[in-house]
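Dear colleague,

Please find below the structure that I am handing over to you.

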There are 2 protein chains.
Amino acid sequence: MGNTVSTSVIRRLPRYYRFLQELMNNGIIRISSRELSEKMGFTASQIRQDFNCFGGFGQQGYGYNVSELHAEIGKILGVDKGYKTILIGAGNLGRAIATHMNFDARGCKLIGIFDVNPELANVEVGNLKIMHTDKIESFCNENSPVIAILCIPKESAQEIADTLVKHGIKAFWNFSHCDLKPTFNDIIVENAHLGDSLMTMVYNVNASSDN
Amino acid sequence: MGNTVSTSVIRRLPRYYRFLQELMNNGIIRISSRELSEKMGFTASQIRQDFNCFGGFGQQGYGYNVSELHAEIGKILGVDKGYKTILIGAGNLGRAIATHMNFDARGCKLIGIFDVNPELANVEVGNLKIMHTDKIESFCNENSPVIAILCIPKESAQEIADTLVKHGIKAFWNFSHCDLKPTFNDIIVENAHLGDSLMTMVYNVNASSDN
DNA sequence: TTGTACTCGTTAAAACATTGACAATAATCA
DNA sequence: TGATTATTGTCAATGTTTTAACGAGTACAA
């Protein structure tokens, strides 16, 4: 470690993790970089180089032990960290995220859901009751969440983010259609700009049709 | 055109589009690459080079006309194409996507929603009624959708994708936690792997805390 | 036990992406 | 009108990522 690993590599790790899980489920014990490359569509060279950023998990003439590699990548990703997480905005998307993600398996623990609409207060989502946004600050003071998921309109996103940073939030998973400008620059922002993703796809459809 | 533009550039276009929209809403008429770079956090050089992939939209000593540039990028992205789109899987996530995305403004037109659960048949989502997945094939034959959004469990994703390709679907927006292997390789797949995104963020939180 | 086939980790090369520099040109102001 | 300032488009340099090549070590079969 010590040496920082490039973003491109990091973004591939969850994908490796997924494929290795799949292999484990199918009872496969060992795999070579070449076999994995065929399954995943990367080059074998890239796979070896990626894994090697974190140390030599493989063995010449053998390949990689699937479950060992899976465990190692899980450890690197921090899937057992259980970071306390809150979700702001319990509209359609917020509720979907709250119920659809397997937070526990991904290093998070969802401990609070908030919405500005008073009518939603006490409505259950998963096994949590929605709280009014008024309660965010006191909740943070008591429970010290680390991650916040923003599923709110872009108009209010920046303001709420600033408040949350003041109360100790270290990272945002941002579904709002805007780019946050964190006041302090050690804050982590992971954008899930679904609109951008959709538009990229439309571009590609369009580009493929006019040759 | 003609010359293919790199993926990195394409993925930035929706972001430019968003920022330019914002500027328009604020009544700003012109902007230089330097000003835009300060707002967006790219370098001015990159912005000029990006725009220039598609032709010279700017003018020396002046900069870019905001609404003209916005329109040009919109045209490049194909926001007016209205590609017929269907959504498979009307669970929490599917319903959120159906109602939360502004498809019309992004080059898509949502014309059908399907779910395997018969109890959901005829339930309204947005202004569409959920149909049973049995009806997908006949619906495709009648309406010729181009894009399919997959919000279904990974177990059934590949099978449904294959069926859809046979019925003329050209592109997938894939929310299933798996990587599709399209039988034909001119099919476009845009993955929205939310789980991967979350795990990347957790990695970063973890990495930032152990210095 | 020996030889062959396999596969890793690593180094070097190639491809790709970003940034910096600057000539050319337009806008602006005296 | 002419001088000054601003800003683009583009080319070259730099930096980053991916791919290829290969020595060294392991597994496995004869």
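The bounds of a domain, as the word is used here, come from an automatic or database domain assignment. For chain A of this predicted model, that assignment gives domain 1, covering 7-76, and domain 2, covering 83-196. Taken over C-alpha atoms, the centres of domain 1 of chain A and domain 2 of chain A are separated by 32 Å.

**The two chains**

Chain A is superposed on chain B by a rotation of 180° with 0.0 Å of shift along its axis, and the RMSD is 0.1 Å. This is the relation of a two-fold axis. The same surface serves both copies, since 100% of the contact residues of chain A recur in chain B.

The contact draws 44 residues from chain A and 44 residues from chain B. On the side of chain A that touches chain B, at least two residues each are supplied by α1, α5 (92-100), β9 (171-174), β10 (188-191) and α8 (194-209) of chain A. Of these, α8(A) gives the most, with 14 residues. By class, this side of chain A divides into 22 nonpolar, 12 polar and 10 charged residues.

**The seven-stranded sheet of chain B**

In chain B, 7 strands form an open sheet with mixed pairing, in the order β6-β7-β5-β4-β8-β9-β10. At the edges stand β6 (124-125) and β10 (188-191) of chain B, each with a single partner strand, so one side of each has no neighbour in the sheet. Strand β4 (residues 83-88) and strand β8 (residues 147-150) of chain B run parallel and are joined by 4 bridges. Within this pair, B:Leu87 stands opposite B:Ile149 in β8(B).

Which strands of chain B does α8(A) touch as it packs on the sheet? They are β4, β5 (108-115), β8, β9 (171-174) and β10 of chain B, and the direction of α8(A) makes about 170° with that of β10(B). Helix α7 (residues 154-166) of chain B also packs on the sheet, where it touches β4, β8 and β9 of chain B. The direction of α7 makes about 170° with that of β8(B).

**The three-stranded sheet of chain B**

A further open sheet of chain B has 3 strands in the order β1-β3-β2, with antiparallel pairing. Here β1 (30-31) and β2 of chain B are at the edges, each with a single partner strand, so one side of each is left without a neighbour in the sheet. The antiparallel strands β2(B) and β3(B) are joined by 2 bridges, and B:Gln59 stands opposite B:Gly63 in β3(B). Helix α4 (residues 66-77) of chain B packs on this sheet and touches β1 and β3 of chain B, its direction making about 75° with that of β3(B).

**The surfaces near the DNA**

DNA strand C has 30 residues around it, of which A:Gly56, A:Gly58, B:Ser6, B:Gln60 and B:Gly61 come nearest. The elements that each supply at least two residues of this surface are α2 (33-40), α3, β2 (58-59) and β3 (63-65) of chain A, together with α1 (7-25) and α3 of chain B. The element that gives the most to the surface near DNA strand C is α3(A), with 6 residues. The residues of that surface divide into 7 nonpolar, 21 polar and 2 charged.

DNA strand D is surrounded by 29 residues, and the closest are A:Gly61, B:Gly56, B:Gly58, B:Gln60 and B:Gly61. Two or more residues of the surface near DNA strand D come from each of α1 (7-25) and α3 (44-52) of chain A, and from each of α2 (33-40), α3 (44-52), β2 (58-59) and β3 (63-65) of chain B. Which element gives the most to the surface near DNA strand D? That element is α3(B), with 5 residues. By class, the surface near DNA strand D has 6 nonpolar, 21 polar and 2 charged residues.

With kind regards

Key:
Residues numbered from 1 in each chain as written. Chains lettered and ligands numbered in written order. Predicted model: local features only at pLDDT ≥ 70, side-chain atom pairs only at ≥ 80, totals over all residues. Least-squares fit on C-alpha atoms with pLDDT ≥ 70 in both. Contact = placed C-beta atoms within 7 Å. Near = placed C-beta within 6 Å. Nonpolar A, V, L, I, M, F, W, Y, C, P; charged D, E, K, R; others polar. Pairing = 2+ DSSP bridges. Axes fitted to C-alpha atoms, helices over the stretch in contact; angles between N-to-C directions.
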